[in-house]
Amino acid sequence: MKSGLEKEMTRTQHFEVDADRTIGFMSDALRVYATPSMVRDVEHACRKFVGEYLSDKENSIGARIELDHLGPTLIGMWVDVVASVSSINGRRVEFDVEVRDALDVVGRAKHVRLVIDLDKQRQRLESKAARVQTLQKV
């Protein structure tokens, strides 16, 4: 990880709440921003934030998320995901996140991302794939 990422730094990412980001199980008239979409948007915003400080041989993976979905956001509105670095411990970066629409705070989250070395990750995945193949042969 490159230097420069520090505690209390903040980034905001804007998302449009379109049909793909809403729930549909209560009818089209009651479509609102879905919790799984909020989780995805929090992860995306934090990943992009950390990515500013990574080399081409690194990336980050989500390791934990704790999210409270506090209120509805209507289809056609937007949300801003405001991510603040709360802790950096080696390759572990923790965020406090607030999700706001035009009227309200609609979500709060804590998110942990781990910075990974892509070559080491590739090796780990290849090793696991080999173990899976061994199981399938039995």
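What share of the 138 residues in the protein is buried? Buried residues make up 34% of them. The model is a predicted one. It holds two helices and five strands, which follow one another along the sequence as β-α-β-β-β-β-α. The radius of gyration is 18 Å, well over the 14 Å that the globule rule gives for 138 residues, so the protein is more spread out than a compact globule.

**Overall dimensions and contacts**

- The C-alpha trace spans about 50 × 45 × 20 Å along its principal axes.
- The accessible surface of the protein comes to about 8600 Å², and carbon and sulfur atoms account for 50% of that area.
- Of the contacts with a separation of 6 or more, 66% are between residues 24 or more positions apart.

**Nonpolar core**

- The largest nonpolar core has 25 residues, of which V42, F49, F95, V97 and V99 touch the most other members.
- Two or more residues of this core come from each of α1, β3 (78-89), β4 (92-100) and β5 (105-117).
- The most is given by α1, with six residues.
- In soluble globular proteins, nonpolar side chains tend to be buried together.

**The aromatic pair**

- The structure holds one aromatic pair.
- The pair is formed by F49 and F95, with a distance of 5.7 Å centre to centre and 50 degrees between the planes, and is classed as tilted.
- F49 belongs to helix α1 and F95 to strand β4, 46 residues apart, and the pair thus links distant parts of the chain.
- F49 has a relative accessible area of 1%, and because the cut-off for buried is under 20%, F49 counts as buried.
- F95 is also buried, at 1% relative accessibility.
- Leaving aside neighbours within four places in sequence, F49 is in contact with L5, M9, T10, R11, A83, V85 and F95.

- R21 lies in the loop between β1 (10-16) and α1 (35-51).
- Is R21 buried or exposed? R21 is buried, with a relative accessible area of 15%, which falls within the class because the limit is under 20%.
- Residues up to four places away in sequence not counted, R21 touches F15, E16, V32, Y33, A34, S37, R40 and D41.
- Among these contacts, F15 and E16 fall in the range given for β1, while S37, R40 and D41 fall in that given for α1.

Notes
Residues are numbered from 1 along each chain as its sequence is written. This is a predicted model: local features need pLDDT of at least 70, side-chain atom pairs count only at pLDDT 80 or more; totals for chains, interfaces and linings use all residues. Side-chain values use heavy atoms; hydrogens and water are left out. Helices (H or I, at least four residues) and strands (E, at least two) are DSSP runs, numbered from the N terminus. Buried means under 20% relative accessible area, exposed over 50%, partly exposed in between (1.4 Å probe, protein chains only). Contact means heavy atoms within 4.5 Å. A nonpolar core is a set of buried Ala, Val, Leu, Ile, Met, Phe, Trp, Tyr and Cys residues joined through side-chain atoms within 4.5 Å. Rings of Phe, Tyr and Trp (its six-membered ring) pair if their centres lie within 6.5 Å; planes under 30 degrees apart count as stacked, over 60 as edge-to-face and the rest as tilted. The radius of gyration is taken over C-alpha atoms; the globule rule is 2.2 Å times the number of residues to the power 0.38. Accessible areas come from the Shrake-Rupley method with a 1.4 Å probe; for residues, only the protein chains shown count as cover.
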